[in-house]
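Please work through each task before reading its solution.

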Amino acid sequence: MEEMKRQYEEKLKQAQDETHTTRSLLSETNEKAKKTPHLYNLNIDPLLTGQVKYLLQGNGIKKIGKKKDDKTPDIGLLGPGIYDDHAAISMEGGKFFIEKLTADARVLLNGAPVMKKTEMAHNDRLVIATISYFVFCIPSKASGADPEITFDMAQQEIAKSSGITLDGTNKSKDELLLQQDLIEVMADIEEANSISEELDKKMKFELVLVSPEARGLHTGRTEAFIRVTNFESNLEWLSASVQRATADRRLQRREHRLHCGRACALQRRGQAFRQARQRGCEHSFERTIWKGSAVPRQDR
């Protein structure tokens, strides 16, 4: 029993030390990022945007590629479609450039494919493969007038580059809904094709627009479907409507944000409660909590 207790305490201490080290590194990185050019992540959940930063310090080349145990590049990433030597960011004469290191690597800058060595500017959006979205930031050029960069903005840029018109002028409600469905599902199709290629599944996914008449209906709007082609069996079929898929995803996203919001509120309340206990005002704090505030206060 004593041996089990000792092992548990050792593992607990090791976990606490690792957590402390990770927090120290994150704090140090965040502090350096205030003055150093860097990449920060974009996430579909705004609460997770900016949580990952890669510093671009000094001259030379920063390689971007697949993260491995035995060999990790300067910026190691995981996910479908990421090559060992995917891309590189270089600094020359105070300017930053992005280029592909593998011909088939997918690299997008502000929604457009990078075909040659291209200069990057402050607040440019960078996409590596299919799921890694970043913003290039130069703190010395940042100002309060900078627009807010979001994941949706990056997706819209990719859609526009792919030929989807984003101008809502003279468009009906049905056309606008279809446009939104296409924007939301494009990234998923790119990811599915990358996974299929990486696992050699011999399958291809494409967007197809189907009119209500083609679906046997007299009324309704044109909907987007996903056409799946299996090259091994020579079969082809249409999957479920993108409209239903995007509706389900919006619902899941809303539920996720509500859950995160509640978790953050509970965390803030827990911190405030600990502060209240240290000040000796637990009873006052409890009454304040039930009134909807998480700020402890002294009884007057």
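On a 1 Å grid over the protein atoms alone, a cavity is a set of points where a 1.4 Å probe fits but cannot get out, whereas a pocket is an open set with protein on both sides within 12 Å along at least five of seven lines; lining residues have an atom within 4 Å of a point. Grid points are joined across faces, edges and corners, and a volume is the space filled by probe spheres set on the points. The model is predicted, with local features requiring pLDDT of at least 70 and side-chain atom pairs pLDDT 80 or more, while totals for chains, interfaces and linings use all residues. Residues are numbered from 1 along each chain as its sequence is written, and side-chain values use heavy atoms, leaving out hydrogens and water.

**Exercise 1.** Determine how many cavities of 30 Å³ or more the structure holds, and describe the largest cavity.

*Solution.* Step 1: there are two cavities of 30 Å³ or more. Step 2: the largest has a volume of about 50 Å³. Step 3: its lining consists of R106, T130, Y133, Q155, I158, I183, M186, A187 and E190. Step 4: α2 and α3 are the elements that give two or more residues to this lining; helices (H or I, at least four residues) and strands (E, at least two) are DSSP runs, numbered from the N terminus. Step 5: α3 gives the most, with four residues.

**Exercise 2.** Describe the second largest cavity and identify the strand that supplies the largest share of its lining.

*Solution.* Step 1: this cavity holds about 40 Å³ of space. Step 2: among its lining residues are L56, K62, I89 and F96. Step 3: β3 (60-66) and β5 (87-92) each supply at least two residues. Step 4: the largest share, three residues, comes from β5.

**Exercise 3.** Describe the second largest pocket.

*Solution.* Step 1: its volume is about 380 Å³. Step 2: 21 residues line this pocket, with G81, Y83, D104, A105 and R106 nearest its centre. Step 3: α3 gives the most to the lining, with five residues.
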